[in-house]
Amino acid sequence: GVEFNPGGNTPGYLNLFTGFSIKPMAGDTRRWWEFVRNVICSGNEEVYRYVRRWLAHIFQQPGELPGTALVMRGLQGTGKNTFARVIGKLVAPHYIELHSMDQVTGRFNGHMKMSLVNHANEAIWGGSKQQVGALKGMITDPEIAIEQKGVDIYTIKNYRRLIVSSNEEWAVPADADDRRFVFLNVSATRANDTAYFAALHAELDAGGYAA
């Protein structure tokens, strides 16, 4: 059979997980973690520690489902896409960026069969009750059904992490006691600060990704 199993290989199965694209090496990441702490987490130390551990879990325990999704809310140009795409480069080719709720929760989901991190970029939930179960299932269900046009449905284990970024307050269907979503109110202190983000990307390009 076929599986997507970042936790290991099952005898007799084709594993669609091909590993991470960047070899880890020691280096400087001070600007990156300052960005995560002060911009993505708005300086909240408790939230920062959670996010840092959530990110570490991707690489340390890729075969486990975290059970939560990160939801970034903030103005344009604050760095939400920078955050998600840096993580995407680290997990490539198992990263996909989605731009509509149909791509996230729609019937034909073959594009997600090899994804470890899904970034829903402005894929706004419009209040559809039919999409609620599919979205929450993506975060916590141990298995998912994959359907491609003209191909029989098959089931694989679910290891997908979800990152949502939005300029809107109403980004996901969260209940009052919902434990699936971790809301990050992204700071606007560096919004459209080209020099700041240029320095951040320079650090990443000079070995920061591997570090």
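# Helix α6 and its surroundings

Me: What do the buried residues of α6 pack against?
Reply: They pack against α1 (30-40) and α3 (80-91). Contact here means heavy atoms within 4.5 Å. Buried means under 20% relative accessible area, exposed over 50%, and partly exposed in between, with a 1.4 Å probe and protein chains only.

Me: Where do these values come from?
Reply: This is a predicted model: local features need pLDDT of at least 70, side-chain atom pairs count only at pLDDT 80 or more, and totals for chains, interfaces and linings use all residues. Residues are numbered from 1 along each chain as its sequence is written, and side-chain values use heavy atoms, leaving out hydrogens and water.

Me: Quick overview. How many helices and strands?
Reply: Six helices and nine strands. They are DSSP runs numbered from the N terminus: helices are H or I with at least four residues, strands are E with at least two. The protein has 211 residues, and 46% of them count as buried.

Me: What share of the contacts links residues 24 or more positions apart?
Reply: 69%, taken over contacts with a separation of 6 or more.

Me: Back to α6. Which residues are buried?
Reply: Helix α6 covers residues 194-208, and its buried residues are Tyr196, Phe197, Leu200, Glu203, Leu204 and Gly208. Down the axis of α6 they fall within an arc of 115°, so they line one face of the helix. That arc is taken from the directions from the helix axis to the C-beta atoms.

Me: And which are exposed on the other side?
Reply: Thr194, Ala195, Asp205 and Ala206.

Me: At what angle do α1 and α6 cross?
Reply: Roughly 135°, and their axes come within 8 Å. That makes α1 oblique to α6. Axes are lines fitted to C-alpha atoms, for helices over the stretch in contact, and angles run from 0 to 180 degrees between N-to-C directions. Under 35 degrees is roughly parallel, over 145 roughly antiparallel, 65 to 115 roughly perpendicular, and the rest oblique.

Me: Which residues meet there?
Reply: From α1, Arg30, Arg31, Trp32, Glu34, Phe35 and Val39. From α6, Tyr196, Phe197, Ala199, Leu200 and Glu203. By class, the contact has seven nonpolar, no polar and four charged residues. Nonpolar means Ala, Val, Leu, Ile, Met, Phe, Trp, Tyr, Cys and Pro; charged means Asp, Glu, Lys and Arg; the others, Gly among them, are polar.

Me: Switching to salt bridges. How many?
Reply: Four in the whole structure. The criterion is a side-chain nitrogen of Lys or Arg within 4 Å of a carboxyl oxygen of Asp or Glu.

Me: What is the N to O distance for Asp28 and Arg30?
Reply: 2.9 Å. Asp28 is partly exposed at 33% relative accessibility. Arg30 is exposed at 66%.

Me: Last one. Where does Thr18 lie?
Reply: In the loop between β2 (14-15) and α1. Thr18 is exposed, with a relative accessible area of 56%.

Me: What does Thr18 touch?
Reply: Pro93 and His94, not counting residues up to four places away in sequence. Thr18 and Val91 are 10.0 Å apart, C-alpha to C-alpha, and 73 residues apart in sequence.
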